[in-house]
Amino acid sequence: MKFFKVIILASLFLFQLNAAQEKADIELNKALAEAKTQKKNVLLVFHASWCGWCKLMEKNMNLPETKPIFDKKFVTTYIDVQERGEKKKLENPGGQELMNTYKGENAGLPFWLILNPKGEVLADSFDSKGENLGSPATPEEVSSFLAKLEKSSKMNKEELQIIQKVFVKKDK
C-alpha cells in the first residue's frame, strides 16, 4: 500500500512539472505585490518563444549595462501568449485575455505596459499614432519608449542615455 502511495505522489509531482505555466492573473498579482513592497512599478511584457522582437527586447533589457536600471525601477514580469503547436504549453493560461483587456489583441508582440502597484496603467507600448512600439529599435521608437520610461519611473538622463544607446538598432 505504501508503494502505491509513493507512485501516486511521484506521478502528481511529475504532472505538476509538465503542467502549463502559472495563470496570467496570478503572475500579474505576484508582480503587483512585489512592486508595492519594493515601491516600484511593474513592467508587464507579453511575449512568445517564436518572436524575434521579443527576444531582442528581453536581451536589451538584460544586458549588464541595462539590467540594473530596469531592476532598480521595475518589477518585470513576462506573460507568454500566442504560442503554436508543441509550444502552446508555454502559454500562461488567461494571458491572451489579459493582453486583450489592455487593448493589445491586435498589437503584435512584444506588447508591454507599465503599471503602478495598484495595477493602473501608467504607459503602454502604443506610440502617438496608436501603433505598437514592440521592441523599439529606430531612433523615433526608442525616443517614444524613453519618454514613457521617464514619465513612469523618473529615470535620470544618464539611465535614459544608456537605454537609448542599447536599444537603437545599428545599421551594419
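The entries below record what I looked up, topic by topic.

**Entry 1: overall layout.** I noted at the outset that I am working with a predicted model. I looked up the secondary structure and found seven helices and four strands in the chain, which follow one another from the N terminus as α-α-β-α-α-β-α-β-β-α-α. I then checked burial and found that 41% of the 172 residues count as buried. For the contacts between residues at least 6 apart in sequence, I recorded that 65% join residues at least 24 apart.

**Entry 2: nonpolar cores.** I looked up the largest nonpolar core, which has 23 residues, and listed Leu44, Phe46, Tyr102, Leu109, Phe111 and Leu115 as those with the most contacts inside it. I traced where the members of this core come from: α2 (24–38), α5 (95–101) and the strands β1 (41–47), β2 (74–80) and β3 (111–115) each supply at least two residues, and the largest share, five residues, comes from α2. I also found a second, separate core of 21 residues, with Trp112, Ile114, Ala123 and Val168 among its members.

I took Leu44 for a closer look and, setting aside residues up to four places away in sequence, found that Leu44 touches Leu28, Thr77, Ile79, Tyr102, Phe111, Trp112, Leu113 and Leu115.

**Entry 3: helix α3.** Which residues of α3 are buried? In this helix, which spans residues 52–61, I found Cys54, Met57, Asn60 and Met61 to be buried. They lie on the same side of α3, because they cover an arc of only 130° around the axis. I then asked what the buried residues of α3 pack against, and the list I wrote down holds the strands β1, β2 and β3 together with the helices α4 (67–73), α6 (139–153) and α7 (157–167).

**Entry 4: largest pocket.** I looked up the volume of the largest pocket and noted about 170 Å³ of space. Its lining is made up of 11 residues, and Leu56, Val166, Val168, Lys169 and Lys170 are the ones that lie nearest the centre of the pocket. Both α3 and α7 supply at least two residues of this lining, and the largest share, three residues, comes from α3. By residue class, I recorded six nonpolar, one polar and four charged residues in the lining.

**Entry 5: asparagine 41.** I next went to asparagine 41, which lies in strand β1. Is asparagine 41 buried or exposed? I noted a relative accessible area of 12%, so asparagine 41 is buried. Leaving aside neighbours within four places in sequence, I found asparagine 41 in contact with Ala35, Lys73, Phe74, Val75, Ile114, Leu115, Asn116, Pro117, Leu122 and Ser152.

Conventions. Residues are numbered from 1 along each chain as its sequence is written. This is a predicted model: local features need pLDDT of at least 70, side-chain atom pairs count only at pLDDT 80 or more; totals for chains, interfaces and linings use all residues. Side-chain values use heavy atoms; hydrogens and water are left out. A nonpolar core is a set of buried Ala, Val, Leu, Ile, Met, Phe, Trp, Tyr and Cys residues joined through side-chain atoms within 4.5 Å. Buried means under 20% relative accessible area, exposed over 50%, partly exposed in between (1.4 Å probe, protein chains only). Contact means heavy atoms within 4.5 Å. The arc is that of the directions from the helix axis to the C-beta atoms. On a 1 Å grid over the protein atoms alone, a cavity is a set of points where a 1.4 Å probe fits but cannot get out, and a pocket is an open set with protein on both sides within 12 Å along at least five of seven lines; lining residues have an atom within 4 Å of a point. Grid points are joined across faces, edges and corners, and a volume is the space filled by probe spheres set on the points. Ala, Val, Leu, Ile, Met, Phe, Trp, Tyr, Cys and Pro count as nonpolar, Asp, Glu, Lys and Arg as charged, and the others, Gly among them, as polar.
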